[in-house]
Amino acid sequence: MKIGILSLQGDVEEHEYALRKAAAELGKTIEVVRVKKNLGDVSALVLPGGESTTFSALADVGQLKKAIEGGLPVFATCAGVVFLAREVRDRVVGSTRQKTLGVLDIEVVRNAYGRQRNSFETELEVREVGRVRAVFIRAPAIVKTWGRAEPLAYVETPGFGATAAVVLQKPHLATVFHPELSTTSLHVYFLRGL
Amino acid sequence: MSIVNSLEVLERLESIFYDMLEIRDRLRESGIKWSGGSAPLSVKYGFPAMLKHGVIMDVTNVEQAQIAEEAGAVGVMVLDKLPYDVRKAGGVARTADIKVIEDIMAHVTIPISAKVRIGHYYEAFLLETIGVDLIDESEVLTPVDEQHHINKWIFDVPFVNGARDLCEALRRISEGAAMIRSKGEAGTGNVSEAVKHFKAIMGSIRSLSRDEERVRDFSRQCQVPIELVALTARLGRLPVVTFAAGGIATPADAALMMWLGADGVFVGSGIFKSQDPLERARAIVYATAHWDDPEAVVEAQRMVSEKSAMLGIDIRTLKPEELLQTRGL
């Protein structure tokens with residue numbers, strides 16, 4: 001099975017490492033490839049952490065959207081979640097002209113916790129996965145879910161209350177934190193679902 | 001090789017820097033109330049990882065910052081003057097105006113970095129307090145301490161430092177830098193020194209990996225913990241995110257630095273000292289992302305005109321006292 005990581009910008013290597021380790025734990029043979037312009041024949045796609053505005057500036061939004069609507073499962077983390085969301089705004093700047101893929105039935109507030117000084121690490125209980133160490137770096141918050149989006153974990157976000165930290169919208173998985181920095185359990189969960 | 005690839009590397013760093021963390025705790029007990037020093041390493045070292053394969057652009061006002069954001073920069077570096085103008089103006093170069101930084105924070109969504117003078121704890125403290133995301137302890141500004149850099153362990157905010165060779169890089173990491181960049185020769189539009197510094201760092205790491213005895217010699221010669229040298233040798237790269245900086249002015253310059261092993265690039269005067277800032281910013285972002293695809297780099301290079309590039313300075317015409325890279329070793 002070939003898993004692609006959208007490698008235009010962000011912590012691509014960390015996801016590569018986590019995916020390989022997760023596959024080894026599962027005893028599954030996978031090939032991890034970096035994709036930029038063409039998706040090729042990947043059977044799942046990872047959207048890494050990074051800057052979502054950079055993804056928007058560089059990615060071929062039309063091509064990606066078509067592939068995802070055609071059934072390509074996506075695992076999105078942090079900036080990837082912003083890029084995959086239907087609705088996005090920024091906590092300070094407000095509405096942005098950013099192009100997104102508009103796939104997940106969620107509303108995202110970028111930089112919801114504030115700046116880097118408000119970044120943090122915590123433990124979360126994730127339904128179907130268990131307890132994980134979660135690293136939030138200038139993280140977005142999922143302030144609203146509807147339709148097929150199903151929250152698997154919640155986190156307290158100042159000003160917004162309890163917000164979804166992990167969302168499953170089959171076959172897609174989204175986390176506003178960075179599992180690739182601290183655990184393989186979410187990668188294992190995603191690979192298992194494929 | 002991934003760096004923050006794992007908890008394992010972070011935990012190794014934490015144990016290597018145990019002594020430093022002790023100093024931090026002692027300072028805190030003695031009543032020095034720095035706001036920071038308690039951020040988990042995953043947060044401090046994880047942040048630069050999110051900037052990888054991206055471009056951070058020097059800006060001096062909101063308008064430039066918005067151009068950078070629109071072009072796809074992963075961050076902006078706020079300065080009072082672009083390095084080229086620092087060079088022309090002379091005098092003492094200090095950190096940017098707080099008001100300008102705050103104004104930019106209110107108008108762009110990407111991370112904001114700013115520079116402080118080498119050794120200037122209070123400029124760093126100011127920037128941390130107003131919420132700058134990344135601090136560059138930079139030789140482009142006039143150093144206030146010729147002997148010591150800031151002990152970056154006592155801050156929560158991540159720091160990036162410049163280096164010309166592996167010794168400098170590892171010294172900065174042992175002082176708590178969460179990210180390294182080449183020094184290059186800022187404000188010249190000439191990438192030659194950045195190339196030299198990158199090759200020096202990479203070359204030394206390669207020679208370390210071959211020979212265990214060299215690890216010990218290196219640790220002694222550079223006065224850095226042997227565990228840090230050994231970790232670097234084992235990873236075959238610096239254990240923190242490493243960007244290229246200094247004189248990058250064209251898409252091809254950026255691609256060249258990525259090819260040499262940079263995790264991303266800083267562009268200083270190259271964009272806003274050119275005649276075509278938005279196109280050039282876009283093209284440099286594109287070339288940085290697609291450096292391994294020659295056709296894409298050609299496409300990026302086609303987006304800009306050499307006639308619009310900053311003129312640049314031949315480094316051989318600079319007097320030794322005009323060099324910025326020799327500040328803070």
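Me: Before we get to the chain contact, what makes two residues count as in contact here?
Reply: Their C-beta atoms, placed from the backbone, have to lie within 7 Å. Keep in mind that this is a predicted model.

Me: Switching to chain A as a whole: how many helices and strands?
Reply: Chain A has five helices and 13 strands.

Me: What does the C-alpha trace span?
Reply: About 45 × 35 × 30 Å along the principal axes of chain A.

Me: How much of chain A is buried?
Reply: Buried residues are 54% of the 194 in chain A. As for contacts with a separation of 6 or more, 66% of those in chain A are between residues 24 or more positions apart.

Me: Let's zoom in on Gln98(A). Where does it lie?
Reply: Gln98(A) is in the loop between β6 (94–95) and β7 (104–110) of chain A.

Me: Is Gln98(A) buried, exposed or partly exposed, and why?
Reply: Gln98(A) has 18 other C-beta atoms within 10 Å, so it is partly exposed. Buried would need 20 or more, and exposed 12 or fewer.

Me: What does Gln98(A) touch, leaving out residues up to four places away in sequence?
Reply: Ser52(A), Thr53(A), Ser56(A) and Val88(A). Ser43(A) is 55 residues from Gln98(A) along the chain, and their C-alpha atoms are separated by 27 Å.

Me: Now chain B. How do α9 and α11 pack?
Reply: Helix α9 (residues 192–210) and helix α11 (residues 226–235) of chain B meet at an angle of about 95°, with axes 8 Å apart. That angle makes α9(B) roughly perpendicular to α11(B), because 65 to 115 degrees counts as roughly perpendicular.

Me: Which residues make the contact?
Reply: From α9(B), Ile205(B), Leu208(B) and Ser209(B); from α11(B), Val229(B), Thr232(B) and Ala233(B). By class that contact has four nonpolar, two polar and no charged residues.

Definitions and conventions:
Residues numbered from 1 in each chain as written. Chains lettered and ligands numbered in written order. Predicted model: local features only at pLDDT ≥ 70, side-chain atom pairs only at ≥ 80, totals over all residues. Axes fitted to C-alpha atoms, helices over the stretch in contact; angles between N-to-C directions. Helix = DSSP H or I, 4+ residues; strand = E, 2+ residues; numbered from the N terminus. Parallel < 35°, antiparallel > 145°, perpendicular 65-115°, else oblique. Nonpolar A, V, L, I, M, F, W, Y, C, P; charged D, E, K, R; others polar.
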